[in-house]
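This report concerns a predicted model. The sequence and structure are shown first.

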Amino acid sequence: MTTPNGPPNGPEDDWTVLAQAWTDPAAAEPAIDPAQIRALRRRDRLARLNFAAEMAGVPLVLGLVAWAVVTRELPWPAAIACAVFTLFAGAMTLWSRRGDPGLLLDTPQTVVSTALAQARTGLRWAQAGTWTCAAGAAFLAAMGMLSGRWRADWPLLAGGAVFLAACLVLYRGHARRCRRRIAAHETALAALQER
């Protein structure tokens, strides 16, 4: 799964120079670094693509479940568990993108505000992913119990558990990076507002 806010803490995330230049009373309005603008646009593009892919997955999975019920005689309890998990994951994706202001690049202050909003969205995405991993673990356990074939299905269940654990590690790492970016952007924004 792609990260909606791009690679963390690169040169495009250093807002210190912009904040210092903006708060220096002798300086004119600072120029906005084109690398920072490119980074904001790239993160916005990745976030939108990621959102579209995750939301497109909801009807796709629900369609596959319906197909499995009709043609493969998937038991209703398993179908309901699949549908509930899929709808929960879709709701988490919607929640993570709430309040997205889009790209505001008019002034140094709006640029930093946009970067801060992107980092907050990235943190919500990581939190939603963490909750989805927890729901995925419950889903795997429910599917194992509903099938009554723990012994026969253990490779599939173990593979799912390993996948969820790997996703959880990635989500938690992304959350840490977003928290660092949020702190840096809040500091830069406060400096800009004091001027």
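## Annotated transmembrane segments

An unreviewed UniProt entry lists residues 51-70, 76-95, 128-148 and 154-171 under "transmembrane region". In the predicted model, residues 51-70 are 100% helix and 0% strand, with 29 Å between the end C-alpha atoms. Residues 154-171 are likewise 100% helix and 0% strand, and here the end C-alpha atoms lie 25 Å apart.

## Helix H3

Helix H3 comprises residues 76-96, 21 residues in all.

The buried residues of H3 are Ala78, Ala79, Ala81, Cys82, Thr86, Ala89, Gly90, Met92, Thr93 and Ser96. Because these residues cover an arc of only 165° around the axis, they fall on the same side of H3. The face turned away from that buried side carries Trp76 and Val84, which are exposed.

## Nonpolar cores

The largest nonpolar core has 11 residues: Val112, Leu116, Ala119, Leu123, Ala126, Ala175, Cys178, Ile182, Ala188, Leu189 and Leu192. Helices H4 and H5 (150-194) are the elements that give two or more residues to this core. H5 gives the most, with six residues.

A second, separate core consists of eight residues, among them Val65, Val69, Phe139 and Met143.

## Arg124

Arg124 belongs to helix H4, which covers residues 108-147. With a relative accessibility of 14%, below the 20% cut-off, Arg124 counts as buried.

Leaving aside residues up to four places away in sequence, Arg124 touches Trp95, Ser96, Arg97 and Arg98. Arg124 and Cys178 are separated by 54 residues in sequence, while their C-alpha atoms are 9.3 Å apart in space; Cys178 is itself a member of the largest nonpolar core.

## Cysteines

How many disulfides does the model contain by the rule applied? The count is zero. Cys167 is in no disulfide: the nearest cysteine sulfur, that of Cys133, is 5.1 Å away, whereas a disulfide requires sulfur atoms within 2.5 Å.

Cys167 counts as buried at 16% relative accessibility.

Terms used. Residues numbered from 1 in each chain as written. Predicted model: local features only at pLDDT ≥ 70, side-chain atom pairs only at ≥ 80, totals over all residues. Heavy atoms only, no water. Buried < 20%, exposed > 50% of the residue type's maximum accessible area, 1.4 Å probe, protein only. UniProt positions renumbered as here; feature names shortened; annotations may be inferred. Helix = DSSP H or I, 4+ residues; strand = E, 2+ residues; numbered from the N terminus. Contact = heavy atoms within 4.5 Å. Expected span 1.5 Å × (residues − 1). Arc of directions from axis to C-beta. Core = buried A, V, L, I, M, F, W, Y, C linked by side-chain atoms within 4.5 Å.
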